[in-house]
Amino acid sequence: MENCLFCKIIAGEIPSKKVYEDENVYAFHDINPNAPIHVLVIPKVHIASIQEVTEENLSAVSAVLKVIPRIAKELGLAENGYRVITNCGEDGGQSVKHLHFHILGGKKLPVTLA
């Protein structure tokens, strides 16, 4: 999508602090972290939200879900745990209309963050 912030990050038009990249997935540190470690993991194909997941783009979402445990392990989160969140729509708190998953960890997280 032409005006999508995350598509521009994937394209290298906007800088990010990359954590992981392969042909299907891009992960980077959130610029406004809600935990000591806060990484966003996104499919490279534009999907507006979890509400837009279809049979045709399910493989892109699956690729994201497959790498989240690997990223968490590399960030040192696997042993003590971490949280994975995706927001959907305005009422759900989604601020960028590109499907993304937050990996949050590095401390004991409050239940209210869920």
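## The largest nonpolar core

In this predicted model, the largest nonpolar core has 19 residues, and Val25, Val41, Ile71 and Ile103 have the most contacts inside it. A nonpolar core is a set of buried Ala, Val, Leu, Ile, Met, Phe, Trp, Tyr and Cys residues joined through side-chain atoms within 4.5 Å, where buried means under 20% relative accessible area (1.4 Å probe, protein chains only). At least two residues of this core come from each of strand 2 (25-29), strand 3 (37-43), helix 2 (58-74) and strand 5 (101-105). Helix 2 gives the most, with eight residues. Helices (H or I, at least four residues) and strands (E, at least two) are DSSP runs, numbered from the N terminus.

Apart from this core lies another, of nine residues, including Cys4, Phe6, Cys7 and Leu40.

## Contacts of Val41

Leaving aside neighbours within four places in sequence, Val41 is in contact (heavy atoms within 4.5 Å) with Val25, Tyr26, Ala27, Val64, Val67, Ile68, Ile71, His100, Phe101 and Ile103.

## Residues of the pocket lining

The lining of the largest pocket divides into twelve nonpolar, ten polar and two charged residues. Here Ala, Val, Leu, Ile, Met, Phe, Trp, Tyr, Cys and Pro count as nonpolar, Asp, Glu, Lys and Arg as charged, and the others, Gly among them, as polar. Helix 1 supplies the largest share of this lining, three residues. A pocket is an open set of points on a 1 Å grid over the protein atoms alone, where a 1.4 Å probe fits, with protein on both sides within 12 Å along at least five of seven lines; lining residues have an atom within 4 Å of a point.

## Basis of the values

Residues are numbered from 1 along each chain as its sequence is written, and side-chain values use heavy atoms, with hydrogens and water left out. Local features need pLDDT of at least 70 and side-chain atom pairs count only at pLDDT 80 or more, whereas totals for chains, interfaces and linings use all residues.

Terms used
Buried means under 20% relative accessible area, exposed over 50%, partly exposed in between (1.4 Å probe, protein chains only).
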